[in-house]
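Let's take a friendly walk through a protein chain, from its overall form down to a few single residues. Have a look at the picture first.

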Amino acid sequence: MENYILPPEPLTNEAIAARLTAGARNGIANGSVKKKNLVYLELNGCSGNIISLLNGANPDFEYMIGSMVNLVYSNSLMAAEGEKAIERLMNALDEDYILAVEGAVSLRDNGLYNIIGTWKGKPLTGLEAAKMLGEKASHILAVGACATHGGVSAARPNPSQSVGLQDVLPDKNMIKLPGCPVHPDWFLGTLAHILLYGDPDTDNLGRPLMFYSTLIHDRCPRRPFFDRGIFAEKLGDKTCLFKLGCRGPVTRTDCPTRQWNGHVNWPIGDDTPCIGCAQFGFPDAMAPFISYDTTRVVKDE
């Protein structure tokens with residue numbers, strides 16, 4: 001019974017995250033949890049996910065790279081550059097590591113539309129790096145919409161022929177964290193779970209159930225308006241945004257309760273419809289993001 005969390009222990013997102021952080025800290029201190037190497041690879045995308053991760057709070061990003069993992073490669077954050085940086089990437093292959101990938105994989109011209117560096121005088125493509133590192137990683141995290149299913153990088157007309165990470169590593173198990181960008185808790189919480197307990201439970205699309213199990217629509221504070229048929233007619237209205245194009249009814253994340261920017265707000269809380277950025281198929285399948293034509297028919301819906 002001592003392992004169960006019972007009242008009066010708080011069950012808020014912050015309290016749960018703080019307990020996970022404390023567990024990881026204590027485990028590292030007593031040797032039961034080992035720091036692992038982390039390779040953070042950025043491929044064809046905007047680097048929005050690594051920027052979002054810097055906004056983490058429980059734990060924060062500084063704690064992650066100082067106490068949870070050895071960050072052996074991140075082209076946005078590491079001091080090394082050029083072939084010195086790629087040398088660190090290659091050296092990672094000789095040890096156990098967790099691979100996190102943000103950005104899509106460009107296939108066009110054998111990957112030459114996305115070159116992440118040079119190695120021994122030759123260009124190293126994102127395609128080569130994804131395959132090489134993915135084959136040896138102990139755990140793989142696809143971080144953000146582009147890595148999980150192509151995202152914005154693969155949006156029509158997709159001139160770089162970008163695809164999600166699973167398409168180039170079809171036989172590898174990976175945890176998928178869709179979102180544009182990913183919420184820092186989704187990444188840092190999943191990483192903490194791997195270190196403490198191994199892979200988290202996921203749905204049939206590879207998404208951790210602890211973050212992606214419930215539709216936004218089911219926990220939306222404006223749901224009572226939907227149930228009573230009271231809909232917003234323009235942006236800024238305080239009622240249900242469904243008829244303006246809100247994708248909450250088809251998007252699975254915990255945004256209504258977790259919220260963003262230090263857990264202070266989220267799109268619907270700021271009178272903006274959910275655009276479904278954390279749902280597979282984003283952005284093409286979710287467009288148009290806002291529409292005043294409530295009789296429209298979208299082929300991909």
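Two residues are in contact when their heavy atoms lie within 4.5 Å. With that in mind, which residues does S52 touch, leaving aside its neighbours within four places in sequence? The partners of S52 are P181, V182, H183, P184 and W260.

A word on the source: this is a predicted model, where local features need pLDDT of at least 70, side-chain atom pairs count only at pLDDT 80 or more, and totals for chains, interfaces and linings use all residues. Residues are numbered from 1 along each chain as its sequence is written, and side-chain values use heavy atoms, with hydrogens and water left out.

**The whole chain**

The chain holds 13 helices and 9 strands; these are DSSP runs numbered from the N terminus, with helices being H or I of at least four residues and strands being E of at least two. Along the principal axes, the C-alpha atoms fill a box of roughly 60 × 55 × 30 Å. Of the 301 residues, 49% count as buried. Here, buried means under 20% relative accessible area, exposed means over 50%, and partly exposed lies in between (1.4 Å probe, protein chains only). Among contacts with a separation of 6 or more, 72% join residues 24 or more positions apart.

Is S52 buried or exposed? S52 is buried, because its relative accessible area is 9%. H217 is buried too, as the table shows.

| Residue | Helix | Relative accessible area |
|---|---|---|
| S52 | α2 (residues 48-53) | 9% |
| H217 | α11 (residues 216-219) | 13% |

Not counting residues up to four places away in sequence, H217 touches R223, F226, G248 and P249. H217 and C246 are 29 residues apart in sequence, yet 9.3 Å apart in space, C-alpha to C-alpha.

**The nonpolar cores**

A nonpolar core is a set of buried Ala, Val, Leu, Ile, Met, Phe, Trp, Tyr and Cys residues joined through side-chain atoms within 4.5 Å. The largest one has 38 residues, and M64, M68, L141, W186, F187 and I268 have the most contacts inside it. Elements giving two or more residues to this core include β1 (36-42), α2, α3 (61-68) and α9 (184-197). Of these elements, α9 gives the most, with 7 residues. F187 touches L38, Y40, L53, M64, A100, L141, V143 and L177, again not counting residues up to four places away in sequence. A second, separate core has 31 residues, including M78, I86, L93 and V101.
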